[in-house]
Amino acid sequence: MEQEKRRLSWHPAFGAVLRIELEKELELLEIVDERQLTKEPLQMDVLVVKKEKGIRLEKNIGRIFKSYNIIEYKSPEDYLSINDFYKVYAYACLYQSDTDRVMEVDPEEITLTFVCMRYPRKLLEHLKKTRGMRVSRQGDGIYYLEGDALAMQLLVTRELSERDNYWLQHLRGNLKEGRELQDLMERYERHRHSKWYQAAMDLIVRANWDRMKEEKEMCEALRELFADELQESKAQGKEQGEETKLISLVCKKIRKNKAVSVIAEELEEPEEKISLICETARQFAPDYDADQIYVALAKKETREVKKP
């Protein structure tokens with residue numbers, strides 16, 4: 001009997017008793033037992049743990065850090081919502097409680113950092129109104145969220161100092177051609193052998209690829225890092241040039257009212273291919289702009305590929 005007592009499962013019984021207690025108003029409620037909290041396993045974006053307690057960091061974004069520092073990062077296209085705040089706050093509570101010993105993680109040693117591209121006005125208004133919190137500006141793009149048991153800060157990346165937080169401020173997909181991109185490449189050149197700089201630059205370049213590949217002064221380090229992509233881009237450009245030339249020749253023959261079979265024979269191209277070009281080109285008569293026709297053909301090809 002003692003062994004059976006130790007194996008008793010109290011939670012289902014509690015659910016039943018709860019319904020008994022609330023029986024008269026049960027129709028007003030939805031009670032879900034053992035509800036899964038998330039669709040995917042809970043996972044912090046970044047956890048920063050100080051190796052030695054009590055050491056204060058000098059870096060502006062790290063001055064608030066204590067022993068355990070949870071960071072939530074939102075990509076440039078995303079925004080920081082009210083729900084995001086409570087999700088990360090829950091991370092802190094779970095991190096503190098999911099330990100082998102009571103108070104193994106001191107809650108006073110936990111901080112939260114929220115990183116986003118745009119100033120989250122709705123969230124901050126909610127925190128002020130609902131939780132009585134205050135927003136204190138500490139520097140360019142750095143705001144402390146005060147009035148809670150946990151120390152928190154907000155980093156708005158587009159407002160950060162280019163001098164003090166260059167790489168975090170440039171972690172975006174809207175870099176400008178010219179001096180901004182050239183400066184980025186020069187800075188990367190000095191750290192090209194660091195895996196951290198390589199990882200950061202890999203993402204930044206891909207996010208700004210259309211502008212980066214046009215830079216005539218692309219540094220040697222970048223050409224080395226993106227050799228395959230540059231070669232592919234060059235090959236695609238060559239292919240487009242050849243296709244556009246063929247389209248121009250077909251259009252000249254269309255103006256002469258030549259039949260598809262005749263055009264295909266004269267240009268030594270498959271009749272099916274010429275037929276598709278002629279059909280598309282007629283949509284752009286009488287100008288027959290070869291570049292526009294090429295784009296229209298490419299879109300048709302993409303739609304065909306997507307068909308099941």
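Two strands are taken to pair if DSSP finds at least two bridges between them. Helices (H or I, at least four residues) and strands (E, at least two) are DSSP runs, numbered from the N terminus. The model is predicted, so local features need pLDDT of at least 70 and side-chain atom pairs count only at pLDDT 80 or more, while totals for chains, interfaces and linings use all residues. Residues are numbered from 1 along each chain as its sequence is written, and side-chain values use heavy atoms, without hydrogens and water.

Six strands form an open sheet of mixed pairing in the order E1-E2-E3-E6-E5-E4. Strand E1 (46-49) and strand E4 (134-139) each have a single partner strand and stand at the edges, so one side of each is left without a neighbour in the sheet. E4 pairs with strand E5 (residues 142-146) in the antiparallel sense over five bridges. Val135 stands opposite Leu145 in E5.

The volume of the largest pocket is about 530 Å³. A pocket is an open set of points, on a 1 Å grid over the protein atoms alone, where a 1.4 Å probe fits, with protein on both sides within 12 Å along at least five of seven lines; lining residues have an atom within 4 Å of a point. The lining of the largest pocket comprises 13 residues, of which Trp167, Leu168, Leu171, Trp196 and Ala200 are the closest to its centre. Helix H5 (166-169) and helix H7 (195-207) each supply at least two residues of this lining, and H7 gives the largest share, five residues.

Notes: Points joined across faces, edges and corners; volume = space filled by probe spheres on them.
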